[in-house]
Amino acid sequence: MSAAEPPWHEADPIGQADYRSIRREMMFDHFKWDPQMQDVATLGRTPLVLRRGAWHTLRRHAEALYSETLAIERTLLDRPAMLGRLGLPRRVRRLLQRSRAGSASVSGPRMMRFDFHHTPEGWRVTEVNSDVPGGQIEAGAYTALVAGRVVGAVPTGDPVSVLIDSLPPYIEPPGQIALVYATAYSDDAQVMFYLARELDAAGYEVTHCGPDHPACWVAGLAMRFYPAEWLANLPRDSAWSRFFVDGPVPMTNPGTALITQSKRWPLVMDRLGVDAPAWRALMPPTRGAERRRLGEAGWVFKPALGRVGGGIGMTGCTSADDWRKIRRAVRFNPRNWVMQARFEQTPWQTSEGPRFPCVGVYVIDGKAAGVYGRASGHGLVDHSAVDLAVLVEAPSADRPILKEEVRPCASMW
């Protein structure tokens, strides 16, 4: 792939009939209960088809970032005085600072998702979702269904399948797995129902529970989909601290993953002594929001523990009302915010107009395991962005095409 060539193909949307069929199947067979937000469909009709060279580059970047992220997390646990700069909840920070060395809870398989954006200079990574990365239904079921309508392109992987395949070193079927999540939230429950079905098919016993339920600690392994910063809001007698230290069962992921989930950890990277060439090469310059005098036009403001693009301030994309709220929050508590240098994004040309995709590459126990794609029309990928099926061109494909483009030749007779 030449430097000037975009990393993906231009694409057309799948047909309306196919889209409606896939949408119904996602809702009724794969627990996708939120296929629409207000008047906008959340499942994008147009697949993002990566060139093979681009996918190989992304895999290499993501796997290198995974190893470096684990090293950064371990180093920060060994140097707890630095945790004060990360914007962590006070109860979590004090717990980790008081804990004895080596007391971190046992980790099961580790899953991370690295969010990449393409620029004229190449790929940039804006953050790692190292705590409870979502998007597994779209990365698995939706991508597979769309791939069946495209000739010459295949999925990049299925993170749930890879996660289940990684379990035997920690727990064998028919072992019991606790799925820990905010059970009152349907957008969290849909992911865990999907995961429960796949675990059941693999022969495991599954228990659904909240983080304050004793079932978390009697299962053979806990899979947590409850944000770690919320744990500190639970009552003291709920044993929430076990997710961070002295947990009696392995878990995916342990609460200490919150350390690198914070957008502020790059502020201490130079003091850690950790060799992190991939992060240094791929991450835009990052500053503490205490230095907001640098201005807004060239910077993106992010909450330290923001998720799904919530609370992000980007000139030209963020509304005036939201900017007022962000400025007020930064002024009163700058240590919970971070500034990241803004960069030019490569537009993805579709029949619906230019879009700006975010390519979230999952890595499980060191190996790339699929992609959760999202795209917006204005450059800020937040809750209003549409989900994408991200595919990669097959080895022998000259140009991936939609199945409805394929027509038999008319008979001469």
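Visitor: What is the volume of the largest cavity?

Guide: The largest cavity has a volume of about 170 Å³, where volume is the space filled by probe spheres set on grid points joined across faces, edges and corners. This is a predicted model, with local features needing pLDDT of at least 70 and side-chain atom pairs pLDDT 80 or more, while totals for chains, interfaces and linings use all residues. Residues are numbered from 1 along each chain as its sequence is written, and side-chain values use heavy atoms, with hydrogens and water left out.

Visitor: What makes a space a cavity, and how many of 30 Å³ or more are there?

Guide: A cavity is a set of points on a 1 Å grid, over the protein atoms alone, where a 1.4 Å probe fits but cannot get out. The structure holds two such spaces of 30 Å³ or more.

Visitor: How do the lining residues of the largest cavity divide by class?

Guide: There are 11 nonpolar, three polar and two charged residues. Nonpolar covers Ala, Val, Leu, Ile, Met, Phe, Trp, Tyr, Cys and Pro, charged covers Asp, Glu, Lys and Arg, and polar takes the others, Gly among them.

Visitor: What volume does the second largest cavity have?

Guide: About 90 Å³. It is lined by 15 residues, with Thr126, Glu127, Lys263, Trp265 and Pro266 closest to its centre. Strand β5 (122-129), α8 (258-261) and β14 (337-341) each give two or more residues to this lining, and β5 has the largest share, three residues. By class, the lining of the second largest cavity has six nonpolar, six polar and three charged residues.

Visitor: Why is Lys32 called buried?

Guide: The relative accessible area of Lys32 is 2%, and buried means under 20%, exposed over 50% and partly exposed in between, with a 1.4 Å probe and protein chains only. Lys32 is therefore buried. Lys32 sits in the loop between α1 (16-29) and β1 (36-37).

Visitor: What makes the pair Lys32 and Asp387 a polar contact?

Guide: Their side chains are joined at 3.5 Å. A polar contact needs N or O atoms within 3.5 Å, one able to donate a hydrogen and the other to accept it within protein, and residues adjacent in sequence count only if both atoms are side-chain atoms. Beyond four places in sequence, Lys32 also has contacts (heavy atoms within 4.5 Å) with residues including Met26, Thr42, Glu138 and Gln190.

Visitor: What makes a group of residues a nonpolar core?

Guide: Its members are buried Ala, Val, Leu, Ile, Met, Phe, Trp, Tyr and Cys residues joined through side-chain atoms within 4.5 Å. The largest has 69 residues, and Leu76, Phe114, Phe116, Phe244, Trp279 and Val361 touch the most other members. Helix α2 (residues 52-78) gives the most to this core, nine residues. Another core, of 43 residues, lies apart from it and includes Leu163 and Leu195.

Visitor: How do you know that Phe244 is buried?

Guide: Phe244 has a relative accessible area of 1%, so the residue is buried. Phe244 lies in the loop between α7 (228-231) and β11 (251-252). Beyond four places in sequence, Phe244 touches residues including Val92, Leu95, Ala228 and Leu231. The C-alpha atoms of Phe244 and Leu163 are separated by 21 Å, and the two residues are 81 apart along the chain.

Visitor: Why does Asp365 count as partly exposed?

Guide: Its relative accessibility is 33%, so Asp365 counts as partly exposed. Asp365 lies in the loop between β16 (353-364) and β17 (367-376), and has a positive phi near 45 degrees without being a glycine.

Visitor: Which residues does the cis peptide bond with omega of about 5 degrees join?

Guide: That bond joins Pro173 and Pro174, and Pro174 lies in the loop between α5 and β8 (176-180). The peptide bond from Thr252 to Asn253 is also cis, with omega near -15 degrees.

Note on methods: On a 1 Å grid over the protein atoms alone, a cavity is a set of points where a 1.4 Å probe fits but cannot get out, and a pocket is an open set with protein on both sides within 12 Å along at least five of seven lines; lining residues have an atom within 4 Å of a point. Helices (H or I, at least four residues) and strands (E, at least two) are DSSP runs, numbered from the N terminus.
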